[in-house]
Amino acid sequence: MSETRIQKTGKPGVIEASDGRLTLSVPIQIKRRSGRKLVTLPNGETVKVRPWDTATTPLQLALARGHRWQSMLESGEVKTMRELAIREGVDNSYVSRMINLTLLPPWTVAAILDDALPGHITLFDLAVDPPVLWEEQRIQVDSF
């Protein structure tokens, strides 16, 4: 028989039964933070939030949208950015800006995905007329 009990106090431990079953004892506390449940260990530490438990940022959504739209153009699903804009119900210039995000250097993409860009860098800063060379983009991002 399997059973789960949550206890806030006690010591971690393992108890082995004669039939080979193990009982693990791990004292934890579950707290709500911003609508999420976080496990708090006895020493007060919280378990790191998994990436899929966090909300997607607007920059992450824009990056994903840009890559999806670029893929649609490359595959021939749509022939032009204008056709794509009409299909998606957005402005042609918006499509162009989102597709510009597919030209960002890997370190900037990683920073967007890790939500590690400085807060003052905006989507507009990255998507409107980005420099062609990655090193120039690095200098531009560092200067913000």
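Trainee: Among contacts in the chain between residues at least 6 apart in sequence, what percentage join residues at least 24 apart?
Mentor: Keep in mind that we are reading a predicted model. A contact here requires heavy atoms within 4.5 Å. Taking the contacts between residues at least 6 apart in sequence, the share that joins residues at least 24 apart is 38%.

Trainee: In what pattern do the helices and strands follow each other along the sequence?
Mentor: The chain has six helices and four strands. Read along the sequence, these elements give the pattern β-β-β-β-α-α-α-α-α-α.

Trainee: How is helix 2 oriented to helix 3, roughly parallel or roughly perpendicular?
Mentor: Helix 2, residues 81-88, packs against helix 3, residues 92-100, with the axes 8 Å apart and at an angle of about 110 degrees. Angles of 65 to 115 degrees count as roughly perpendicular, so helix 2 is to helix 3 roughly perpendicular.

Trainee: Which residues of helix 3 make the contact with helix 2?
Mentor: By class, this contact has five nonpolar, two polar and one charged residues. Helix 2 contributes Met81, Arg82, Leu84 and Ala85, while helix 3 contributes Asn92, Val95, Ser96 and Ile99.

Trainee: Why do the buried residues of helix 4 lie on the same side?
Mentor: The buried residues of helix 4, which spans residues 106-113, are Thr108, Val109, Ala111 and Ile112. They lie on the same side of helix 4 because the arc they cover around the axis is only 160 degrees.

Terms used:
Residues numbered from 1 in each chain as written. Predicted model: local features only at pLDDT ≥ 70, side-chain atom pairs only at ≥ 80, totals over all residues. Heavy atoms only, no water. Buried < 20%, exposed > 50% of the residue type's maximum accessible area, 1.4 Å probe, protein only. Helix = DSSP H or I, 4+ residues; strand = E, 2+ residues; numbered from the N terminus. Arc of directions from axis to C-beta. Axes fitted to C-alpha atoms, helices over the stretch in contact; angles between N-to-C directions. Parallel < 35°, antiparallel > 145°, perpendicular 65-115°, else oblique. Nonpolar A, V, L, I, M, F, W, Y, C, P; charged D, E, K, R; others polar.
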